[in-house]
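This briefing takes up a structure and moves from its contacts and overall build to its domains, its ligand shells and one stretch of its strands. Please read the points below alongside the sequence and the coordinates shown here.

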Amino acid sequence: METVSITTSDGYELSNLRQAVIKLLEPLGGISAFISSGERVLLKPNMLAAKEPDLAVTTHPALVRVVAELAREAGGIVQIGDSPGIGGFARVAEKCGISDAARESGTALVEFDEAVDLQGNGTFRSIRLARAYYEADKIINLPKLKTHEMMTMTCAVKNLFGAVIGAEKAAWHLKAGSSRQLFARLLLEIYQLKKPALNIVDAITAMEGNGPGSGDPIKLGLLIAGVNPVAVDLIAGRVAGIPADLLPIEQEAVSMGLPGALFEDIQLCGTPVETIPEIRFRLPTGVDVQFGLPHFLARTLKSHLTSYPAADPDICILCGVCRDACPPGAITIKNSALSVDNARCIRCWCCRELCPYDAMKIKSGMILRVLMLLSGTKNG
Ligand code: SF4
Ligand code: SF4
C-alpha cells in the first residue's frame, strides 16, 4: 500500500505552517524517516516563472522555507533547485520569493544548468537530467497543485519535468508530439530514473482555470504528502474534483502497472478525505474534450473540436518568447504580426505557459465553442 497523508493549513503563516507540515509527515514517520545526517538533500519546488507567490504559479516560498528548515534540522545539507520555464533562474527565484526562503533558511540555491546522460529502461532510451538533481542523495519534491493545459493537472509527477534543463524541455515536447499519453509516459519514465524520497504538495492556495501559468488562485487549505508521486497525484486530482480519466499521467501509470495508480493501492492518513469540502476545479479551455465520436468523424471535425493558440494583438508586444520556445516552430512573427501554423502546432501550450504578458489566448473550434457556451465555460 502507498501511504498518502493529508492535512489542513489555513495559510502560509510560518509557525502554523511548520506545525501543519510536522503533522502532515507524522503518519509517514516524520522528516527524519527520509533524511540521514550529512545527506545532500535537494528541494525541487515549482519555479515555472517570475511571478509573485500570491498568483499561485509557483510553490509558495513559506512552504519551501519550512521544509528546508526541517530538512536541515534532520541533518541534511539542503539545496533548492529548478530549471524555470522562462525568465532566468535568479530572477524567478527573486520574484517568487524563493531567494528569500533560501536566505532565511540558510539554504543554497542551485540552478539546473548542467545535465547528465542517463539510460532509460522504457520507451525513452536516453534521457538527460540536471546533474544537481540526479546526484543529490535525496529529492524532496514540492509541487504546486495546478490545472495544466496539456496534462489537465500538474502536481508531483509533472513537477519533476523541471529536472530536464532549459531548452531541452522543448525537444521532449517535440518528440512526444501532440500525444498526451506519450508525454505522460515520458514524465513517468523521468520519475522512475530518479525517484523523489518525499513529495509534499502545496495545495493551500492552488490554481484552477487556465493553468499552469495563467489560471486563477483557489484556496483549498490543504497539504498532501507521500513517497509515491503517482499516488499523491491521484489524491490531489480527487481533492480538485478532476476525474482520473482526464489525467493522462494517471491513465498511463495504470497501463504501465505502476504502484499507486489505483485508489485501492492507497492508504489515506490524516484529514479524512470525506470531510474535505467537495470542489470541482474549472479546467483549462485547451483540455481535450472526449466526445466519444467514431475516429473518422472526430478526424473530419478536428478543426471544429480543437483549440489552438492565438495571440491577442492588443496585448502581444511581439517579444518572441513564445516563438523561440515553440517546439515545432509553429509560430512566426512577420510584418509586425504573430501567426500560428495550426497544422504544425502540437498543442503543448508552452506558448501560453511562457508568455510573460498573458497575451497568448485560446481559439476554439466552432463545436467546442458551442459546447463551452452550453456548459458556461469561459474561453481563455
Ligand atoms: S504572445 Fe506573448 S510571448 Fe508571444 S510574442 Fe506575444 S507577448 Fe511575446
Ligand atoms: S504554437 Fe504553442 S501550443 Fe502550438 S506547438 Fe507551439 S508552443 Fe505548442
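Among contacts in the chain between residues at least 6 apart in sequence, those that join residues at least 24 apart make up 74%. The model is a predicted one, and its chain holds 15 helices and 16 strands. With a radius of gyration of 20 Å, close to the 21 Å that the globule rule gives for 380 residues, the chain is as compact as a globular protein of that length.

**Overall build**

- Along its principal axes, the C-alpha trace of the chain spans about 60 × 45 × 40 Å.
- Of the 380 residues in the chain, 50% are buried.

**Domains and their contact**

- The domain assignment divides the chain into domain 1, covering residues 2-275, and domain 2, covering residues 295-375.
- The centres of domain 1 and domain 2, taken over C-alpha atoms, are separated by 27 Å.
- Where the two domains meet, 12 residues of domain 1 are in contact with 14 residues of domain 2, and the side of domain 1 that touches domain 2 is made up of five nonpolar residues, six polar residues and one charged residue.

**Ligand shells**

- Around ligand 1 there are 13 residues, of which C316, C319, V321, C322 and C355 come nearest; by class, this shell has 12 nonpolar residues and one polar residue, with no charged residues.
- Ligand 2 is surrounded by 14 residues, the closest being C326, C345, C348, C350 and C351; by class, the shell around ligand 2 has 13 nonpolar residues and one charged residue, with no polar residues.

**The hairpin of β14 and β15**

- Strand β14, which covers residues 331-334, runs antiparallel to β15 and is joined to β15 by four bridges.
- The two strands form a hairpin with two residues between them, and N335 in the turn has a positive phi of about 45 degrees.

How values were computed. Residues are numbered from 1 along each chain as its sequence is written. Chains are lettered from A and ligands numbered from 1 in the order in which they are written. This is a predicted model: local features need pLDDT of at least 70, side-chain atom pairs count only at pLDDT 80 or more; totals for chains, interfaces and linings use all residues. A residue is near a molecule or strand if its C-beta atom, placed from the backbone, lies within 6 Å of it. Ala, Val, Leu, Ile, Met, Phe, Trp, Tyr, Cys and Pro count as nonpolar, Asp, Glu, Lys and Arg as charged, and the others, Gly among them, as polar. Two strands pair if DSSP finds at least two bridges between them. Domain bounds come from an automatic or database domain assignment. Two residues are in contact if their C-beta atoms, placed from the backbone, lie within 7 Å. The radius of gyration is taken over C-alpha atoms; the globule rule is 2.2 Å times the number of residues to the power 0.38. A residue is buried if 20 or more other C-beta atoms lie within 10 Å of its own, exposed if 12 or fewer, and partly exposed in between; C-beta atoms are placed from the backbone.
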